[in-house]
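Try each task before reading its solution.

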Amino acid sequence: MPVKKIDTPAPNRRATPGTQHAGTAKAAPPQKITTPKKSAASKKPARKTPAKASGKAIKTDGTAPRKMPKALADARARMAKKRKPRVQDAATVHAIFQALHDANPDPQGELHYVNPFTLLVAVVLSAQATDSGVNRATRPLFAIADTPQKILALGEEQLRDYIKTIGLYRTKAKNVIGLCEKLISDYGGKIPQDRDELQKLPGVGRKTANVVLNIAFGQETIAVDTHLFRISNRLRLAPGKTPLEVELGLEKVVPKEFRRHAHHWLILHGRYICKATKPECEKCVVREYCDSPDKRI
Ligand code: SF4
């Protein structure tokens with residue numbers, strides 16, 4: 001009797017949805033196999049070192065850290081506060097300006113000008129340029145054009161020729177022509193003695209307006225440039241993160257008798273002594289009041 005062949009199904013060969021058996025026309029696309037995420041409960045807790053677990057640092061020799069006595073901690077905090085108050089006290093601020101005054105009783109700006117209008121033009125041209133570089137260009141310019149009308153008669157192209165040695169001269173020439181036109185149309189060709197009005201002129205910001213008001217009209221304004229900003233922070237006269245913050249701080253602390261020339265003293269001190277990278281502290285007349293980390297003696 002012949003033996004009957006019996007087909008037995010392969011063990012555990014289950015069809016999954018989307019798969020096709022061999023012999024059908026198309027092969028099934030590969031399936032993405034994802035592994036189930038472990039539940040939070042099934043995660044093993046990270047092993048903590050004894051220090052981490054307790055939240056305390058341990059010494060390398062294994063002994064427990066000693067806690068600083070409260071009295072000592074308080075004393076240290078008081079000393080730190082005493083050592084570095086945010087702003088110098090009034091007596092020290094007075095002493096600093098007295099020393100700057102004694103070293104240079106009549107400080108002068110270094111820009112060449114012949115009247116308030118030419119001062120305004122010179123300050124506009126001095127942005128991101130040296131005073132000496134501006135003076136080289138403006139001496140011949142102001143010799144032939146010292147009013148808004150004369151600058152306009154010169155025209156933008158010729159003005160550019162006079163100032164082409166100064167950085168950003170194209171933009172500055174445009175601004176000077178614009179401010180001449182506005183001075184004539186809105187202010188009768190005169191320089192307004194008001195900061196807000198000055199700031200309406202092309203190329204004139206708060207610092208420029210402050211310089212003009214101080215030098216041309218004797219107002220007690222303080223123009224914060226890069227030097228003033230640095231020194232006010234180093235000497236803790238008026239620490240601040242922005243020029244405006246420093247300006248408003250200085251207005252509060254500078255004694256009345258020094259306000260007129262405060263900005264000149266600080267600019268000249270920053271330009272020649274308290275330089276940005278290598279301050280010449282050995283020549284500094286206010287070094288005894290300085291505890292800046294930049295101090296080099
Ligand atoms: S001691 Fe040095 S860092 Fe301090 S204000 Fe004088 S020049 Fe500047």
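**Exercise 1.** Find which of the 13 residues around the ligand come nearest.

Solution. Start from the shell, where a residue counts as near if its C-beta atom, placed from the backbone, lies within 6 Å of the molecule. Cys 274, Cys 281, Cys 284, Arg 287 and Cys 290 come nearest among the 13. This is a predicted model, in which local features need pLDDT of at least 70, side-chain atom pairs count only at pLDDT 80 or more, and totals for chains, interfaces and linings use all residues. Residues are numbered from 1 along each chain as its sequence is written.

**Exercise 2.** Decide whether Thr 171 is buried or exposed.

Solution. Next, count neighbours: 20 or more other C-beta atoms within 10 Å means buried, 12 or fewer exposed, and in between partly exposed, with C-beta atoms placed from the backbone. Thr 171 has 12 such atoms within 10 Å, so Thr 171 is exposed.

**Exercise 3.** Work out where the buried residues of helix H12 (residues 243-253) lie around its axis.

Solution. List them: Val 246, Glu 247, Gly 249, Leu 250 and Val 253. They lie on the same side of H12 because they cover an arc of only 165° around the axis, taken from the directions from the helix axis to the C-beta atoms. Then look at the other side of H12, where Leu 244 and Lys 252 are exposed. Finally, find the packing partners of the buried residues: helices H3 (90-103), H11 (226-234) and H13 (259-272), with contact meaning C-beta atoms, placed from the backbone, within 7 Å.

Technical notes:
Helices (H or I, at least four residues) and strands (E, at least two) are DSSP runs, numbered from the N terminus. Two residues are in contact if their C-beta atoms, placed from the backbone, lie within 7 Å.
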